[in-house]
Amino acid sequence: MSTTRRAAVLGSPIAHSLSPVLHRAAYRELGLSDWTYGRHEVDEAALPAFMERLDATWAGLSLTMPLKRAVIPLLDEITPTAASVEAVNTVVLTGDGRRLGDNTDIPGMLAALRERGVQQVERASVLGAGATASSALAALARICTGEVTAYVRSDARAAEMRGWGERLGVPVRTAPWEDAAAAFEAQLTVATTPAGTTDALAAAVPARPGTLFDVLYEPWPTPLAAAWAGRGGAVVGGLDLLVHQAVLQVEQMTGRTPAPLAAMRSAGEAALLAR
């Protein structure tokens with residue numbers, strides 16, 4: 001008799017997470033009819049108690065903000081990738097009761113870029129300096145052969161980004177947000193800011209842009225992404241990132257590989273259209 005296996009995404013707020021849509025699509029495609037994937041509103045204060053209640057039916061967790069750092073003390077081990085940015089978005093629960101943490105955002109970014117033909121760049125720029133920006137730097141450390149310029153709003157954020165660059169082994173130069181239009185001179189621009197932040201920059205997209213990786217997926221396209229595509233530039237979107245990192249989560253939690261990328265992407269696109 002089959003035993004139900006459980007997985008879920010945790011965070012706060014969590015109601016609009018697409019993770020259940022993506023993971024359930026994978027389970028259907030893989031024939032895992034006895035697997036379930038839910039969502040739970042969990043903040044940092046509630047996380048330890050939630051983790052304590054997990055039993056042997058649980059296979060894994062996806063974590064979003066604000067839990068990616070808060071979960072680390074509750075785990076038995078984290079991968080070097082997760083340790084490099086002090087952020088865990090994936091927890092795999094093993095048969096012997098261990099809790100293993102990983103970060104699939106970084107390899108997910110690289111996979112999304114490879115899908116668009118971006119294997120290596122000489123120069124890159126990052127818009128923003130939050131948690132996603134540090135993951136972007138970790139990805140760029142693997143494919144950027146030269147300098148990364150980060151456009152930020154404060155001296156404190158600039159210092160943080162330079163510190164992440166030193167830690168991750170990528171040379172980072174910082175510049176004020178007022179000069180952000182200069183970011184588009186690089187081969188690759190990664191926009192990591194909240195919705196609306198880059199809208200005013202859409203008018204500054206050059207005639208022959210390189211590649212834009214805009215990590216937002218709703219609303220989509222952003223004005224910047226639309227202007228970029230209109231100029232003939234390559235655009236990688238937040239749904240690309242979400243799907244690729246979810247593919248890696250499904251593979252780790254289920255042990256089944258490869259996860260069905262196309263089915264997961266189609267399910268995500270349909271869910272966004274229905275909103």
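Predicted model: local features only at pLDDT ≥ 70, side-chain atom pairs only at ≥ 80, totals over all residues.
Biologist: How do I read a pair of aromatic rings?

Modeller: In general, two values describe such a pair: how far apart the ring centres are, and the angle between the planes. Planes over 60 degrees apart count as edge-to-face. Here the ring centres of F184 and W228 lie 5.2 Å apart with planes at 85 degrees, so this pair is edge-to-face.

Biologist: Which parts of the chain does that pair tie together?

Modeller: F184 sits in the loop between β9 (172-176) and β10 (188-191), while W228 belongs to helix α7 (residues 223-230), so the pair links parts 44 residues apart in sequence.

Biologist: How many aromatic pairs are there?

Modeller: The count is three. Another of them joins F50 and W58: the centres are 6.0 Å apart and the planes stand at 75 degrees, so that pair is edge-to-face too. F50 and W58 are both buried.

Biologist: Good, now the whole fold. What secondary structure does the protein have?

Modeller: There are nine helices and 12 strands. The radius of gyration is 19 Å, close to the 19 Å from the globule rule for 275 residues, so the protein is as compact as a globular protein of that length.

Biologist: And what share of the residues is buried?

Modeller: Of the 275 residues, 52% count as buried. As for the surface, the protein exposes about 12400 Å², with carbon and sulfur atoms supplying 51% of it.

Conventions:
Residues numbered from 1 in each chain as written. Heavy atoms only, no water. Helix = DSSP H or I, 4+ residues; strand = E, 2+ residues; numbered from the N terminus. Rg over C-alpha atoms; globule rule 2.2 N^0.38 Å. Buried < 20%, exposed > 50% of the residue type's maximum accessible area, 1.4 Å probe, protein only. Areas by Shrake-Rupley, 256 points an atom, 1.4 Å probe, with all protein chains shown as cover. Phe/Tyr/Trp six-rings, centres within 6.5 Å; stacked < 30°, edge-to-face > 60°.
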